[in-house]
Amino acid sequence: KSLEFKNNEYIPKKFTCSGENINPALIIDGIPPETKSLALIFDDPDAPGGVWVHWVLFDMPVVSKIEENSAPGKQGINDFGRIGYGGPCPPFGTHRYIFKAYALDTKLNLEEGLTKADLEKAMAGHILVKAELTGLFKK
């Protein structure tokens, strides 16, 4: 969850390409005690060309909060072609943006710059629990 917005509510402009383009603080609840690392995927299923990846984060320590404008782990490449966070930036209309947090039973020990598909493949069979937070945004 986030202190900045509730599930299915609008993401504040600050966290988008129309603002500071930084990640919001996120609270991760219900982490199983056997969790060895966390991962996060942030994407837009409403993008015109298919799902657009905004952030890939993995090998995070087991923390209950990701601070605003921080990446407590390794980062993958987003569909903007950069490593790190890329905020919501829809070409038109209101889009849904989904933060998906994963508790894993292992540390993946992968290199920065991997893709969402690489991360999903590496996580297969290691996901203890998954949580989602959906935010909305339109320019």
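**Strands and their pairing**

Analyst: Strand 3 (residues 37-44) and strand 4 pair in the antiparallel sense over six bridges. The model is predicted: local features need pLDDT of at least 70 and side-chain atom pairs 80 or more, while totals for chains, interfaces and linings use all residues. Residues are numbered from 1 along each chain as its sequence is written, and side-chain values use heavy atoms, without hydrogens and water.

User: Why are strand 3 and strand 4 said to pair?

Analyst: Two strands pair if DSSP finds at least two bridges between them; strands themselves are DSSP runs (E, at least two residues), numbered from the N terminus. Strand 3 and strand 4 have six bridges, so they pair. Within this pairing, Asp43 stands opposite Val53.

User: What makes strand 4 and strand 6 (residues 74-75) a pair?

Analyst: They are joined by two bridges, in the antiparallel sense, and at least two are required.

User: Why is strand 4 described as largely enclosed?

Analyst: Buried means under 20% relative accessible area, exposed over 50%, and partly exposed in between (1.4 Å probe, protein chains only). Eight of the nine residues of strand 4 (residues 52-60) are buried, so the rest of the structure largely encloses this strand.

User: What is the order of the strands in the sheet, and which stand at its edges?

Analyst: The six strands form an open sheet in the order 1-8-7-3-4-6, with mixed pairing. Strand 1 pairs with strand 8 (residues 127-137) in the parallel sense over two bridges, and Tyr10 stands opposite Leu136.

Definitions and conventions
Helices (H or I, at least four residues) and strands (E, at least two) are DSSP runs, numbered from the N terminus.
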